[in-house]
Amino acid sequence: MADDDSRQGVRYADAAIVAWVDGLHARLDPALKLAFEAPTSLGLPAIQVGPSEGRLLGLFCQLAGVKKAVEVGTLAGFSALHIARALPADGHLWTIEIEPAHAAAAEVNLAAAGLSGRATVVLGSGQAALPGLEAHGPFDLVFIDADKEGYDFYGRWAARNLRPGGLLIADNAYLFGHLLDDSPVAAAVRRLHEEAALAFDTVCIPTPDGLLLGIKK
Ligand code: DHB
Ligand code: MG
C-alpha cells in the first residue's frame, strides 16, 4: 500500500467487496428489504440511498442523540425507516414526500416495520411543507434527499430550525457528477455547500454521489 497521497482517487471497493461488507454491516432485515425493494416492485424510481448510507444515517442519529428529525424526500421510506428506528421511543420523524404514490408506499413500509407511531409522512413539496413543521422544532437532524433545485432552500431552513449541534445531511452532494455545471440546479446545490460551510462544521463524505454532513454551530 502506498504511504503517500498517490492512492487518492483510487477505488479499492469493487462490487464483491461492497457486497461482503454490506452483508456484514448493512444487512437488510425483512422490513428494510421491503422498503428497499418497494420502488422496484411498485414501478417507482429506484433512487433510494444505498444500504450503507441508510445505515450511516441511523448511526449518525445514535451518535448525535437525535430525537426529532425531518426528512425531505421520503420515496418509499427506506431512509425514513433507518432514521425512525434510531430514534428513542419518544422521538419523532417528519418525512416530506411530494408524490402521493410514494407517500402511500412509505406509510405501508413504516407500518410493516412497526414505526407508524414514530414517523409522520407529510404530503407536499418541501418548500410548502417545511414551514408547517417549524412549531415542532428545533430539530436534531434534517436529511435532504429531494428535488435538487430546492437544496439551497432546504439548507437554509435547516440552519434556522436545527439546534446547535444538530445534523444537516444531504444526499447527492456531487449532483450526479454535475455539481460544477453552469446550470441553475448546480448553482443551487453549490449554494447549499457554501452556506452550510458557514453555519455548520462540514464535510462532504465521498460516497458514490457525495453525502454532505454538517454539525450546526
Ligand atoms: C435521483 C434522486 C436522488 O435523490 C438520487 O439519490 C438518485 C437519483 C433522481 O432524481 O434521478
Ligand atoms: Mg438521493
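**View 1. Two buried aspartates in a predicted model.** Asp145 and Asp171 are both buried (under 20% relative accessible area with a 1.4 Å probe, protein chains only; exposed is over 50%, partly exposed in between). The model is predicted: local features need pLDDT of at least 70, side-chain atom pairs count only at pLDDT 80 or more, and totals for chains, interfaces and linings use all residues. Residues are numbered from 1 along each chain as its sequence is written, chains are lettered from A and ligands numbered from 1 in the order written, and side-chain values use heavy atoms, without hydrogens and water.

**View 2. The magnesium ion (ligand 2) and its donors.** Asp145 (OD), Asp171 (OD) and Asn172 (OD1) coordinate the ion at 2.0 to 2.1 Å. Donors are N, O and S atoms within 2.8 Å of the metal (3.2 Å for Na, K and Ca); water is not among the atoms, so sites may look incomplete. Along the chain, the donor spacing is D-x25-D-N. Asp145 lies in the loop between strand E4 (139-144) and helix H7 (151-161), and Asp171 in strand E5 (residues 162-171), so the pair ties together parts that are 26 residues apart in sequence. Helices (H or I, at least four residues) and strands (E, at least two) are DSSP runs, numbered from the N terminus.

View 3. A polar side-chain atom of Asp145 is 2.8 Å from a ligand 1 oxygen. For Lys148, a side-chain N or O atom lies 2.8 Å from an oxygen of ligand 1.

Note on methods. A polar contact is a pair of N or O atoms within 3.5 Å; within protein, one must be able to donate a hydrogen and the other to accept it, and residues adjacent in sequence count only if both atoms are side-chain atoms.
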